[in-house]
Amino acid sequence: MAYLEIKNLTKIFGEVCAVSDANIEVEKGSFFTFLGPSGCGKTTTLRMIAGFETPTEGKILMDGKDITYLPPEAKEIGMMFQNYALFPHMTVHENVAYGLKIKKMPKDKIQKQVEHYLTLVGLKGYGSRKINQLSGGEQQRVALARSLATEPKILLLDEPLSNLDAKMRDEMRFELKRLQHELKITMLYVTHDQNEALMMSDRIAVFSKGKIQQIGTPMEIYGQPRNSFVAGFVGQTNLIEAVPAGPDTVALPDGTQLKTARPMENFRYVSIRNEYVHILGKLGPLGDENIFDAEVTSSQYNGMVTYYTVKIGRNELNVTAPNNGLAPIFQAGERVRVQISPEAVTLLEV
């Protein structure tokens, strides 16, 4: 039995169905992410788990116990908000101690608990500082320490890194994952950032328009998308309409045929990840394993990689190629040969 079970969870606001029939299982001590665009239902789902929203239908079970309608303070669940929700008139120590005081913990234990968690998030010695004396990253760490100090069974995080700059986000991704692993705490994380989800998660639920589109490991979500939304939202891909042309062959609209190692009976699209389109160069071999003559129609150098578009027949494909010194950088207008592995051609129904 999963540690956290969400069964047929639905939330309706007036005439709007924000979350529809969500079913999720979260293992104890895992890092589980809700991923999707704004307005897809991921935060509403998190708020129902926390107790800040009441489900219209469905159940939430934690360790086998029904917690669906318990108030937030009775759920033993912590939540870290997007805006951190720190008290500006309090010191760092007072902010972290706030939840412990509400729980009527003895003063000496509060002192030890606050010091322990400030040290854990890298803020040892910051207890007397005011919130307005801290950087954005330091405020984020205070909010994290406050959420952890009450030692919740599950910690919910609603886009906690969205207000940080790129460098600080990278650092805090590492810190969050380190803390989660060190404390063995179950974390539910909400984000619209696919990179965060892929880098940090044990499992991911992809949301769109109030419905869960797919649940799986990062490798499953990226490498085996269930539909065109997941394929297009998680990573970069070429989505092209196609029809059957044989047991393991599909035809694109202009008649170009592709071999696939993943045949299926009913499909509408092929999905080919940008990095799986390989430019062989001008003298690459021709053969029957998806090797085509092509034209480079655009080339954008970006340090570690170069972004291309190439034209195969009447089909334009986006390509992401590493600048590793093993191949030249091609320019727009050059004729090249391109290879697409059959294993890289994924067929999708919708």
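## The sheet

Strand 4 (residues 57-62) pairs with strand 5 in the antiparallel sense, over two bridges. This is a predicted model. In strand 5, Lys-65 is the bridge partner of Met-62.

The open sheet has four strands, in the order 2-1-4-5, and the pairing is antiparallel. Strand 2 (16-26) and strand 5 (65-66) are the edge strands. Each of them pairs on one side only. Helix 1 (residues 42-50) packs on the sheet. This helix touches strand 1 (4-13), strand 2 and strand 4. The direction of helix 1 makes about 115 degrees with that of strand 1. In general, strands of a sheet pair through backbone hydrogen bonds, either parallel or antiparallel.

## The nonpolar cores

In soluble globular proteins, nonpolar side chains tend to be buried together. Here, the largest nonpolar core has 36 residues. Val-142, Leu-144 and Leu-157 have the most contacts inside this core. Several elements each supply at least two of its residues: helix 2 (92-102), helix 3 (107-120), helix 4, strand 7 (154-158), helix 5 (166-183) and strand 8 (186-191). Helix 4 gives the largest share, six residues.

Look at Leu-157. Leaving aside neighbours within four places in sequence, Leu-157 is in contact with Leu-46, Met-80, Leu-144, Leu-176, Met-187, Leu-188, Tyr-189 and Val-190. Another core, of 27 residues, lies apart from the largest one. Val-26, Phe-32, Ile-77 and Leu-188 are among its residues.

## A buried serine

Ser-147 lies in helix 4 (residues 136-149). Is Ser-147 buried or exposed? Its relative accessibility is 7%, so Ser-147 counts as buried; the cut-off for buried is under 20%.

What does Ser-147 touch? Not counting residues up to four places away in sequence, Ser-147 touches Met-79, Met-80, Pro-152 and Leu-155. Met-80 is also in contact with Leu-157.

## The cysteines

How many disulfides does a search of the whole structure find? The search finds zero. Take Cys-17 and Cys-40. Cys-17 is in no disulfide, and the nearest cysteine sulfur, that of Cys-40, is 13 Å away. For Cys-40, the closest cysteine sulfur is in Cys-17. A disulfide needs the two sulfur atoms within 2.5 Å, so 13 Å is too far for a bond.

Their surroundings can be set side by side. Cys-17 has a relative accessible area of 36%, so Cys-17 is partly exposed. Cys-40 has 2% relative accessibility, so Cys-40 counts as buried.

Definitions and conventions
Residues numbered from 1 in each chain as written. Predicted model: local features only at pLDDT ≥ 70, side-chain atom pairs only at ≥ 80, totals over all residues. Heavy atoms only, no water. Pairing = 2+ DSSP bridges. Contact = heavy atoms within 4.5 Å. Axes fitted to C-alpha atoms, helices over the stretch in contact; angles between N-to-C directions. Buried < 20%, exposed > 50% of the residue type's maximum accessible area, 1.4 Å probe, protein only. Core = buried A, V, L, I, M, F, W, Y, C linked by side-chain atoms within 4.5 Å.
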